[in-house]
Amino acid sequence: MKTTVLCYKKCTTCQKALKWLNENKIVYDERPIKEENPTIEELRNWHQKSGLPLKRFFNTSGNLYKELNLKDRLADMTQEEQLKLLAADGMLVKRPLLITEDFVYPGFKETEWEAHLK
């Protein structure tokens, strides 16, 4: 099973997640979310696999999210518009983003990651 983690090097949560993966000897591919932001197709697929609301894929604490005033705008946007926005800039995507063959999880929650990776 291939495990990929989309992350941002300066993000402390990403650093914590990668440390946890290494400590637990879990093999993974690391993908820089800013330089290799996800495509609309990837995001659509990951969203479907996750079973989570699309809003969970937004980095709501990020500067860009706040600058674009997305807190007030997301509710009026279609799912397709939200996916296009996420694909436009990797900094809008919640990180780290864990992707396995059958599991996708935005953010690092050790209990969730552990349940699906061990």
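A: Happy to. A salt bridge here is a side-chain nitrogen of Lys or Arg within 4 Å of a carboxyl oxygen of Asp or Glu. This is a predicted model, where local features need pLDDT of at least 70 and side-chain atom pairs count only at pLDDT 80 or more, while totals for chains, interfaces and linings use all residues. Residues are numbered from 1 along each chain as its sequence is written, and side-chain values use heavy atoms, with hydrogens and water left out.

By this rule there are seven salt bridges. Let's begin with Arg31, whose closest N and O atoms in the pairing with Glu36 are 4.0 Å apart. Arg31 has 15% relative accessibility and so counts as buried, whereas Glu36, at 42%, counts as partly exposed. (Buried means under 20% relative accessible area, exposed over 50%, and partly exposed in between, using a 1.4 Å probe and protein chains only.)

Arg31 also forms a salt bridge with Glu42, and there the closest N and O atoms are 2.9 Å apart. This pair links distant parts of the chain, with Glu42 in helix H2 and Arg31 in strand S2, 11 residues apart. Helices (H or I, at least four residues) and strands (E, at least two) are DSSP runs, numbered from the N terminus. Glu42 is partly exposed, at 23% relative accessibility. Through shared partners, salt bridges join Arg31, Glu36 and Glu42 into one network.

Now for the sheet to which strand S2 belongs: four strands form an open sheet with mixed pairing, in the order S2-S1-S3-S4. Strand S2 (29–32) and strand S4 (104–106) are at the edges with a single partner strand each, so one side of each has no neighbour in the sheet. Two strands pair if DSSP finds at least two bridges between them. Strand S1 (residues 4–7) and strand S3 (residues 97–99) run antiparallel and are joined by three bridges; Thr4 has Ile99 as its bridge partner in S3. Helix H2 (residues 40–50) packs on this sheet and touches S1, S2, S3 and S4, with its direction at about 100° to that of S4. Contact means heavy atoms within 4.5 Å; axes are lines fitted to C-alpha atoms, for helices over the stretch in contact, and angles run from 0 to 180 degrees between N-to-C directions.

One more pair is worth a look: Glu23 forms a salt bridge with Lys19, the closest N and O atoms being 3.8 Å apart. Both Glu23 and Lys19 are exposed.
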